[in-house]
Amino acid sequence: MIRLAATRPVLRQLCSSLLAGILVVLCTRTGAAQDPDPLLKLDPNSRFAIELMLDSAKAEGIPTRPLLSRALEGINRKADGKTVAAAVRKALGHLRTARSALGGVAEDELIAAAAVLEAGAKPAQLAVFRVRHKDRNDLAAFTYWADLITRGVPSEDASSAITKLWQDGADDATFYSLWKSVQSDILQGLNPGAALQNRIRETPGRAPSSKSPPDGPQETQSL
Amino acid sequence: MTDSDQHPYVEWIAREAQRPVVTDPAARERIMLAVRAEPMPQRRSRVWQRVFEPRALRLSPIASTLLAAGLVGIGVITGKVVNNRDVRPPVGEPKVHAEVPQLPVSDTVVKFVFVAPEASKVSVVGDFNGWNATTTPMVRTANDSVWTVTLPLTAGRHVYSFVVDGSSWNADPHAPLAPDDGFGRPNSVRIVGRGSAL
């Protein structure tokens with residue numbers, strides 16, 4: 001009995017320690033399972049503003065994925081709440097404008113088109129692409145277009161080059177080839193505008209490699 | 001004057017206490033008979049005694065605190081290991097779209113490569129992992145300056161960057177740039193086709 005009595009406090013300590021460990025494990029698992037709202041890292045005002053924008057986007061049928069992604073990027077880049085909210089607002093504005101310019105397009109195309117606007121292209125330049133061609137995806141065209149402007153090619157030059165290629169029925173490989181050549185020239189020190197002008201001359205417009213040429217416009221409305 | 005003068009019972013109590021106790025002579029024999037009637041306890045082996053016999057442990061407060069901290073630590077590490085084994089996609093990670101008739105979209109595997117000879121750690125962040133620098137660490141190859149990671153991504157457009165040593169965000173020099181989105185440095189874009197990535 002004396003032995004047992006002496007053992008009890010130690011057992012009690014061990015039990016409480018074990019209990020604490022189990023609680024910590026449970027808390028860790030529960031926390032991970034709940035996936036706490038990442039926007040909680042922002043100050044209440046910025047968070048509220050972003051949540052309003054997400055709600056508006058959802059109501060307008062604009063994808064919220066790029067907006068949330070933009071917010072998360074800002075949070076992980078340690079930007080302050082106002083900067084994050086401003087970046088999300090800007091992204092929402094570009095998505096709205098792209099939607100107006102292009103009409104109903106696939107989500108990825110819309111996001112890429114918004115990036116073209118963000119790079120500096122004008123909505124009217126984008127609206128040319130509203131004339132949709134069946135089975136054609138303009139994701140690559142928009143992506144390389146935005147890249148060229150971001151690398152310093154004048155917006156007008158980049159827009160007319162991409163638009164011309166697109167109207168000629170260039171496929172993704174052609175856009176990629178043009179981009180690769182221009183990027184290489186820019187990295188070698190050539191003026192971005194001159195690099196594009198040189199390369200666009202040697203880039204033939206090609207019909208898309210899919211079965212048939214474009215079936216003609218499905219929508220002809222433009223801004 | 002003594003106490004006994006004041007308390008007449010004291011002497012009586014003392015006398016009673018000094019009187020020898022008369023016991024039944026047979027009592028001792030009865031007790032011994034009862035003891036002999038009890039079965040002899042079995043003697044357990046030493047190993048048994050060491051392992052299972054209760055013993056008194058003495059722990060100082062600091063020792064018990066350290067013990068508790070150690071147990072909590074074991075709990076936390078176990079929890080982390082178990083959580084890491086979970087196949088839960090992080091925010092923005094691709095999901096399999098059943099309606100795609102070809103290969104499942106998440107079967108499109110994309111390899112990211114970044115050259116950073118001086119870096120001690122590199123990770124890829126993007127819309128596919130919630131821009132979290134701890135989610136997708138890259139692995140230094142035998143070349144020592146090249147870091148790589150392979151990821152399943154959904155078909156479509158993905159924006160990403162490489163984070164060097166946890167703080168420096170870098171665009172991919174071999175991929176198209178996304179315009180500056182308000183945070184100072186442009187990201188890169190990867191277009192992932194079904195079954196292959198540009």
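Predicted model: local features only at pLDDT ≥ 70, side-chain atom pairs only at ≥ 80, totals over all residues.
Let us start with the makeup of each chain. Chain A has ten helices and zero strands, so reading from its N terminus gives α-α-α-α-α-α-α-α-α-α. Chain B has five helices and seven strands. Along the sequence of chain B the pattern is α-α-α-α-α-β-β-β-β-β-β-β.

Here are some figures for each chain.

| Chain | Residues | Buried | Contacts joining residues at least 24 apart, among those at least 6 apart | Mean pLDDT | Residues with pLDDT of 70 or more |
|---|---|---|---|---|---|
| Chain A | 223 residues | 38% | 69% | 81 | 78% |
| Chain B | 198 residues | 24% | 60% | 79 | 80% |

For the complex, the predictor reports an ipTM of 0.72 and a pTM of 0.62. Within chain A, the element with the highest mean pLDDT is α4(A), at 95, and the one with the lowest is α1(A), at 61. Keep the value for α1(A) in mind when you reach the interface. In chain B, strand β2 (residues 122-126) has the highest mean pLDDT, 95, while helix α1 (residues 3-6) has the lowest, 58.

Each chain also has a stretch to read with care. Over residues 206-223 of chain A, pLDDT stays under 50, and the model has 35 contacts beyond four places in sequence for them. Residues 85-105 of chain B likewise stay under 50, with 32 such contacts in the model.

## Where the chains meet

Across the interface, 46 residues of chain A are in contact with 39 residues of chain B. On the chain A side, at least two residues come from each of α1 (2-34), α3 (65-76), α4 (81-102), α5 (107-119), α7 (139-150) and α9 (172-187). The most come from α1(A), which supplies 16 residues. By residue type, the side of chain A that touches chain B divides into 25 nonpolar, eleven polar and ten charged. As a reminder, α1(A) is also the element of chain A with the lowest mean pLDDT (61).

## The nonpolar core

Now for the inside. The largest nonpolar core has 80 residues, and those touching the most other members are A:Val88, A:Ala113, A:Val116 and A:Trp145. The largest share of this core comes from α4(A), with ten residues.

Take A:Val88 for a closer look. Leaving out neighbours within four places in sequence, A:Val88 is in contact with A:Ile50, A:Met53, A:Leu67, A:Arg70 and A:Ala71. Two of these names, A:Ile50 and A:Met53, come back in the next section, among the buried residues of α2(A).

## Helix α2 of chain A, face by face

Helix α2 of chain A covers residues 44-60, which makes 17 residues.

Which residues of α2(A) are buried? They are A:Ser46, A:Ile50, A:Met53 and A:Ala57. Viewed down the axis of α2(A), these buried residues fall within an arc of 60°, so they line one face of the helix. An α-helix has 3.6 residues a turn, so residues three or four places apart point the same way. The buried residues of α2(A) pack against α3 and α4 of chain A.

The other side of α2(A) carries exposed residues: A:Pro44, A:Asn45, A:Leu52, A:Asp55, A:Lys58 and A:Ala59. Just after the helix, A:Gly61 takes a positive phi of about 80°.

## A residue in a strand of chain B

To finish, here is one position in chain B. B:Thr150 lies in strand β4 (residues 146-152). Is B:Thr150 buried or exposed? B:Thr150 counts as exposed, because it has 12 C-beta neighbours inside 10 Å, and a residue is exposed with 12 or fewer.

Setting aside residues up to four places away in sequence, B:Thr150 touches B:Val109 and B:Lys111. Between B:Thr150 and B:Met138, the C-alpha to C-alpha distance is 8.5 Å, and the two are twelve residues apart in sequence.

Terms used
Residues numbered from 1 in each chain as written. Chains lettered and ligands numbered in written order. Helix = DSSP H or I, 4+ residues; strand = E, 2+ residues; numbered from the N terminus. Buried ≥ 20, exposed ≤ 12 C-beta atoms within 10 Å, placed from the backbone. Contact = placed C-beta atoms within 7 Å. Nonpolar A, V, L, I, M, F, W, Y, C, P; charged D, E, K, R; others polar. Core = buried A, V, L, I, M, F, W, Y, C linked by C-beta atoms within 7 Å. Expected span 1.5 Å × (residues − 1). Arc of directions from axis to C-beta. pLDDT = per-residue confidence, 0-100.
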